[in-house]
Amino acid sequence: MKDKRLLRRIRFSPLALTSRIPAWLLLSACVSLVVPEAAGWGKRGHGLIRAWAVERLPEWQRERIGEESLANLATAYTSLQDQHAGKKAPHLDPYCVVPGLRLSLHDVNPAEPSIEVTRWYIARIAESLAAGEADEAMKFLGVLCHWNEDPGVPSAHSSPISEADLRILLPRSPEKENLNYLYGYGGIADPSHARYEIPDEDYRPRLLGADEREAAARIFHHQRLLERGAASDIVPLVQAVLTDDAEAADRVRARAALRNARHVADLVHTVLCLAEDRIEPSEASALAEQPLDAWLPDFEGGRTAHPYYVTPFLVGQAMDAERALHPLAFPGEEPEAEVERGFGMGAPFALSFPVAPGGLYERFTCRVGLHPAAGETGEIEFVIEVNGESLHATGPLRAGDPPEAIEVDLPARDFVTLTLRTVAGEGADPLHNLAVWAEPLLHRAEGAE
């Protein structure tokens, strides 16, 4: 039996391979080296992220899968969909083609098909492991991991704006005219000369879901968070490259890779827990409530009336009529009772969240009202909708009124999009309509499976 500590000692990247590595592992790594760089992580990035995640799996998962199959997950199976691109490798169809569904296995896609496809991969992994085919399971898992790695790189997969826009905002010097910001060929995200490493922190993977529906929904949610985080790294990375600050550029890459590696560790841990039906009660109970302000809404821009006309909502803060920021609060409450989390929002406005397949979360609760900074003519009706249908509407709440508690049952639909809507009162001054959604919580259905 090969040394079980081998995976913990080796960074699975082309630069880390040495003569001490067994021939089978060297061959696995070489398979991954032929994949060309595209618009995401290069060979180094995928290898570092995957190895970091594998090294942090609990011992029972490492023993269940086996050293050789885990090594393949971290080397040979890092980029199967890249090898399959353009139908160049039809033998990979079973892993890269989902029957009846077409979407990019590199990018963040719409919620409903993403969750469905993720569930398909979770099921294939479980079936392969149940059949005693651990290495086959790692091929499916490798594709799922790669799909969750690409949006985490500061490149085309995560950019909210185009290459042309970036070139206008951050013009290149004459000697860098042939440099791409967002694309692998000549790009900056993960070039072959980069020398970043992922910090060797003591990380314990987290359970993302206690059943495949919940896991798929939260994997998709975390994939979106990765995309948002990577997008925020694009400008710092471009600036570092334009100023020839290689160390600063590698710090940005390392930051993005660490964020990505934590998510992949969570994903792998969760999928293997589900496949083996081995869920720790403490991990499952931690999922009982999900704060809605931790989820990313389906918001791509838009405006409402003053003072929120530029930013129609804020997470954890509220505006006054002069656009000064304040903690979330309600009239008449003591300072120590300030709202810990939620949204400040203008009116009229609607904020929608793709939260899960129906039946997973059974209730939604929150408190609503106008902020103490709202003006005397402020008047807002608060509406909860699911898939465009109203489930609950308050009466008009005015400036100075105490908050109203809301509790609604969520329907068991195929898919649930939850919308928080503010409706301005007739004749109310928009500058006085300062809405607060406090402690918005999704409550998991008991015994959801």
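Q: Contact means heavy atoms within 4.5 Å. What share of the contacts with a separation of 6 or more is between residues 24 or more positions apart?
A: In the protein, that share is 77%. This is a predicted model, where local features need pLDDT of at least 70, side-chain atom pairs count only at pLDDT 80 or more, and totals for chains, interfaces and linings use all residues. Residues are numbered from 1 along each chain as its sequence is written, and side-chain values use heavy atoms, with hydrogens and water left out.

Q: How many helices and strands?
A: The protein has 13 helices and 13 strands. These are DSSP runs numbered from the N terminus, with at least four residues (H or I) for a helix and at least two (E) for a strand.

Q: What percentage of the residues is buried?
A: Of 449 residues, 55% are buried. Buried means under 20% relative accessible area, exposed over 50%, and partly exposed in between, with a 1.4 Å probe and protein chains only.

Q: And helix H12, is that buried or exposed?
A: Mostly covered, as 23 of the 30 residues of H12 are buried.

Q: What comes after H12?
A: Asp 277 follows, with a positive phi near 50°.

Q: Salt bridges next. How many are there?
A: The count is 26, taking a side-chain nitrogen of Lys or Arg within 4 Å of a carboxyl oxygen of Asp or Glu. One of them joins Arg 262 and Glu 201, at 2.8 Å from N to O. Arg 262 is in H12 and Glu 201 is in the loop between H10 and H11, so the pair ties together parts 61 residues apart in sequence.

Q: Which residue does Asp 233 pair with?
A: Asp 233 forms a salt bridge with Arg 255, their closest N and O atoms being 2.8 Å apart. Asp 233 lies in helix H11 and Arg 255 in helix H12, so this pair links parts 22 residues apart in sequence. Asp 233 is buried, at 2% relative accessibility, while Arg 255 is partly exposed at 41%.

Q: Switching to strands: which ones pair with E12?
A: Among them are E6 (residues 349-356) and E8 (residues 379-386). E6 pairs with E12 in the antiparallel sense over 7 bridges, and E8 also pairs with E12 in the antiparallel sense over 7 bridges. Two strands pair if DSSP finds at least two bridges between them. In E12, Leu 418 stands opposite Phe 353, and Ala 424 stands opposite Ile 380.
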